[in-house]
Amino acid sequence: MLKSRTFLKRTRAGAVVKVVREHYLRDDIPCGAAACRLCPPRPAGPGGGLEAQPSGAASSLCSGPHYLLLDTNLLLHQIDILEDPVIKNVIILQTVLQEVRNRSAPVYKRIRDVIQTPEKHFYSFTNEHHRETYIEQKQGESANDRNDRAIRVAVKWYNEHLKEIEDEEKIQVIFLTNDRSNKEKALEEGITAYTCEEYIKSLTAHPDLVDRLACVSDEGKEIESGKIIFPEHIPLSKLQQGIKSGVYLQGTYRASRDNYLEATVWVHGDVEENKEIIIQGLKHLNRAVHEDIVAVELLAKDEWVAPSSVVLQDDGQNEDDFENEEEKENILKTTVNKDMRRPTGKVVGIIKRNWRPFCGMLSKSEIKEARRHLFTPADRRIPRIRIETRQADTLEGQRIIVAIDGWPRNSRYPNGHFVKSLGSAGDKETETEVLLLEHDVPHQPFSQNVLSFLPKMPWSITEQDMKYREDLRHLYVCSVDPPGCTDIDDALHCRELENGNIEVGVHIADVSHFIRPGNALDEESAKRGTTVYLCEKRIDMVPELLSSNLCSLRSNVDRLAFSCIWEMNHKAEILKTRFTKSIINSKASLTYAEAQMRIDSAAMNDNITTSLRGLNKLAKILKKKRIDNGALTLSSPEVRFHMDSETHDPIDLQTKELKETNSMVEEFMLLANVSVAQKIYEEFPEFALLRKHPAPPPSNYDILVKAAKSKNLEIKTDSAKSLAESLDKAESPTFPYLNTLLRILTTRCMMQAVYFCSGMDNDFHHYGLASPIYTHFTSPIRRYADIIVHRLLAVAVGADMTYPELTDKHKLADLCKNLNYRHKMAQYAQRASVAFHTQLFFKTKGVVSEDAFILFVRKNAVVVLIPKYGLEGTVFFEEKGKPAPRLDYDPEEPSLTVEDTTFHVFDKVQVNVMLDASNIQHQKIRMVMVEPKILGTDVPGNVSAENSSKSEPEKKKKKQQK
């Protein structure tokens with residue numbers, strides 16, 4: 001049956017056109033019930049359909065067998081409940097699914113996954129195309145009211161339809177809704193309807209499910225005092241008008257890790273002034289949560305403040321302790337130099353919440369038998385969350401996940417609900433899971449759908465594979481990697497040509513041969529964006545069959561590669577460059593140490609060793625050229641753990657030692673990346689995926705310049721070349737480690753390198769490498785950006801076909817946004833993994849005394865670096881329960897005087913290092929100053945880790961990533 005709808009529409013040009021929409025109605029759409037003989041059989045596909053005898057949990061409200069049917073709001077807010085294995089046999093209407101898709105992409109994806117899980121028996125019913133359940137919108141009826149009516153019509157049809165099934169026990173369809181008026185209308189129409197809370201509470205065998213109910217309405221959940229704490233949020237429509245007129249500014253809210261009463265808002269758009277707005281104080285933060293999109297109103301200039309140097313953690317237990325908050329806010333308002341003030345504002349409304357499920361721990365209420373408790377997230381930038389649970393005793397000491405439901409004006413903290421428990425705090429598996437979840441690293445096993453696109457084993461190279469390839473198996477190719485590396489992306493060769501020139505080849509795994517555009521494997525790799533390397537675990541971007549086998553350029557096996565081959569003279573000047581898909585057979589898989597040993601050994605003169613020596617000689621010339629050009633050589637303390645073979649606990653911790661061969665491989669990878677960037681940009685000026693490293697704003701260097709000045713050294717920052725030169729000159733014969741410290745500090749001043757689409761940007765420069773153009777081509781096993789670059793290059797050299805998404809700059813720009821986010825999160829996850837393993841290392845060490853250098857000076861603390869371990873930490877000078885020492889902070893120098901001892905950046909000190917386990921959730925390395933000794937303070941030599949109570953901020957590092 002065909003229905004048509006006609007309406008008039010005005011085009012952009014102003015013309016009025018008539019639009020006719022056809023809507024097909026059918027009789028053959030199955031109801032999904034297994035026992036139904038009236039409907040045609042359900043088409044084969046994922047999902048289990050509804051059971052003939054519903055086997056869900058027994059309900060005290062409805063004793064007979066029943067299916068559930070939900071409305072849109074219930075699905076949007078109670079997805080955590082619906083994912084629980086207890087809830088089965090649920091009908092999801094097309095009307096509901098379409099509304100959810102429009103309102104929340106994450107919830108839509110989650111409900112699609114549930115529908116496709118056979119054991120859940122969720123059934124998606126196409127009610128909008130079923131002759132009996134489709135309804136027209138009445139005149140004057142809103143779209144929302146029409147959809148509510150469509151849902152009720154579907155419930156009635158189901159109940160009538162199921163009555164006709166000849167079965168001993170009739171199955172009833174129960175309507176679940178949290179909408180009061182929809183429920184009333186349903187009851188008037190004779191439909192059995194309950195709220196989600198009523199139904200869940202009726203499942204008497206599963207009382208724990210009640211904890212997972214989202215607190216949608218704030219009625220009855222208000223704090224007893226009822227005191228209004230926060231200003232009202234301005235409605236979205238008014239916010240949009242205000243943003244348009246310039247009264248408000250829209251931006252991303254970034255909470256501070258070190259100070260819970262401070263945040264910054266990064267304003268969207270191309271505005272140069274007021275790009276970064278400081279927000280200070282509880283009322284001005286106004287219930288915004290980290291990463292929300294907010295609207296901000298600028299304060300008058302005389303109310304502007306400077307970024308605070310105070311470290312403040314929210315460690316209060318009492319929600320009503322507002323006087324304490326005001327006292328803490330006053331600490332922020334210390335007199336500051338007018339030049340240090342920055343644009344300051346207040347949050348007036350929320351444009352888009354960016355809430356996700358948060359990992360953390362329950363701070364159990366001190367009130368006996370209390371059901372309301374505070375949850376403390378692992379991420380210090382997230383506020384505590386108030387939840388109701390009857391399982392507090394069980395959940396204490398566990399890592400749990402909680403979701404935020406809302407934040408009323410009269411509540412100091414947001415309301416939320418318990419989602420699930422991950423395991424005991426401190427347990428290695430649990431902590432790794434928390435770390436991955438907190439950094440949004442996709443780490444679930446690859447689905448069967450994704451794995452179905454892998455090549456079938458045994459795999460071999462076919463005639464078809466050789467069609468556009470050169471056979472380079474005769475070349476003496478080898479790979480050089482860290483020990484234990486199984487995902488070998490790159491291999492090299494070097495040989496002398498008859499004309500006296502040198503041929504150098506960089507051969508990269510041809511991953512794009514196996515991952516074809518648009519299939520499930522490609523989509524999953526694009527979503528993951530990068531492989532994440534933790535201390536003991538690798539979260540692969542592509543399945544292991546590819547990463548460690550078919551794509552890995554292991555020795556003595558034929559492998560498909562994409563080769564970049566140069567002809568060079570002995571001065572390392574490029575005479576010719578060519579790119580070709582190839583087939584190679586690596587002759588050796590070496591570690592950096594093995595390659596170094598071959599180069600240094602006079603006894604070895606085989607082809608591979610000769611090749612390595614040639615590469616090393618050219619690499620030194622290339623590096624010198626790069627540095628003369630203004631490339632930066634920066635430093636960051638990286639550590640390596642030596643693990644116990646049985647317990648897998650760290651038994652030794654040392655900084656990584658870099659060999660000449662590390663630099664050799666790096667030089668040729670950089671050269672290949674630059675050559676490929678030039679080629680794909682030349683071929684696709686609008687669609688090249690490139691990587692840039694913006695020059696830092698001059699203010700970023702303030703701390704570096706001041707620190708160097710305190711040691712009578714001058715650092716010039718007007719260009720990368722002058723910075724590199726002044727870093728080279730900044731030597732102190734009495735203090736050899738000073739130059740490394742300066743380079744570490746310089747790294748912190750850098751901006752993040754990012755991917756971008758050439759057609760959407762005009763600044764291509766890579767500041768750190770001093771290169772006018774750059775991309776990533778050399779690691780396609782572990783970076784999705786390289787796969788796209790391979791596809792572009794393959795089209796450029798006629799080795800593969802293009803496809804629409806590859807030449808859509810808007811889609812490429814969206815892809816770059818995700819890749820930049822995934823790379824940043826992978827970096828943070830890696831640092832968090834190092835921090836956790838460092839804690840495990842010090843757990844058994846007691847108190848260790850080590851030499852350290854001051855990196856930063858704060859108002860009430862100093863941040864130090866211990867070179868031996870590459871470990872950074874904060875030394876506080878105030879202790880709870882002890883008289884506070886006299887602190888005098890000079891931001892100009894910068895220096896901090898504690899009693900009569902003055903600390904400057906780069907001062908050498910001695911600290912005691914121990915594990916502070918007083919807060920099981922935020923266990924941390926605690927450092928106490930030993931030398932110089934501060935008068936009037938005691939050095940806790942053998943401090944019991946259990947008794948130490950100071951908090952330490954986790955310092956956010958800005959690290960240049962090439």
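This is a predicted model: local features need pLDDT of at least 70, side-chain atom pairs count only at pLDDT 80 or more; totals for chains, interfaces and linings use all residues.
Buried means under 20% relative accessible area, exposed over 50%, and partly exposed in between, with a 1.4 Å probe and protein chains only.

Residues are numbered from 1 along each chain as its sequence is written, and side-chain values use heavy atoms, with hydrogens and water left out.

**Around H4**

Helices (H or I, at least four residues) and strands (E, at least two) are DSSP runs, numbered from the N terminus. Serine 104 caps the N-terminal end of H4. Its side-chain oxygen lies 3.3 Å from the backbone nitrogen of valine 107. A polar contact is a pair of N or O atoms within 3.5 Å; within protein, one must be able to donate a hydrogen and the other to accept it, and residues adjacent in sequence count only if both atoms are side-chain atoms.

A side chain also reaches a backbone nitrogen at asparagine 519. This residue is found in the loop between strand E21 (502-509) and helix H14 (520-528). A polar atom of the asparagine 519 side chain lies 2.8 Å from the backbone nitrogen of aspartate 522. Asparagine 519 counts as buried, at 12% relative accessibility.

**Helix packing**

Two packed helices are described by the angle between their axes and the distance between the axes. Axes are lines fitted to C-alpha atoms, for helices over the stretch in contact, and angles run from 0 to 180 degrees between N-to-C directions.

H3 packs with helix H5 (residues 143-163) at about 145°, with the axes 9 Å apart. H3 contributes Thr95, Val96 and Glu99. H5 contributes Asn144, Arg146, Asn147, Ala150 and Ile151. By class, this contact has three nonpolar, three polar and two charged residues. Ala, Val, Leu, Ile, Met, Phe, Trp, Tyr, Cys and Pro count as nonpolar, Asp, Glu, Lys and Arg as charged, and the others, Gly among them, as polar.

Helix H22 (residues 784-796) and helix H23 (residues 809-843) have axes that come within 10 Å and cross at roughly 150°. H22 and H23 are therefore roughly antiparallel, a term for angles over 145 degrees. Tyr784, Ala785 and Ile788 of H22 meet Leu812, Leu815 and Leu819 of H23. The contact has six nonpolar residues, and no polar or charged ones.

**Valine 789**

Valine 789 is found in helix H22. Is valine 789 buried or exposed? Valine 789 is buried, with a relative accessible area of 0%. Beyond its neighbours within four places in sequence, valine 789 is in contact with Val676, Ile680, Leu689, Thr775, His776 and Phe777. Its C-alpha atom is 8.4 Å from that of alanine 677, 112 residues apart along the chain.

**Backbone exceptions**

Most residues other than glycine have a negative phi, and most peptide bonds are trans. The table lists departures from this.

| Site | Feature | Location |
|---|---|---|
| Methionine 457 to proline 458 | cis, omega near -5° | Proline 458: loop between helix H13 (448-451) and strand E18 (469-471) |
| Glutamate 931 to proline 932 | cis, omega about 0° | Proline 932: segment after strand E38 (924-931) |
| Alanine 770 | positive phi of about 55° | loop between strand E30 (754-757) and H22 |

Alanine 770 is buried, with a relative accessible area of 12%. Phenylalanine 906 is buried too, at 1%.

**Whole chain**

The chain has 23 helices and 38 strands. Of its 962 residues, 53% count as buried. Among contacts between residues at least 6 apart in sequence, 69% join residues at least 24 apart.

Definitions and conventions: Angles under 35 degrees count as roughly parallel, over 145 as roughly antiparallel, 65 to 115 as roughly perpendicular and the rest as oblique. Contact means heavy atoms within 4.5 Å.
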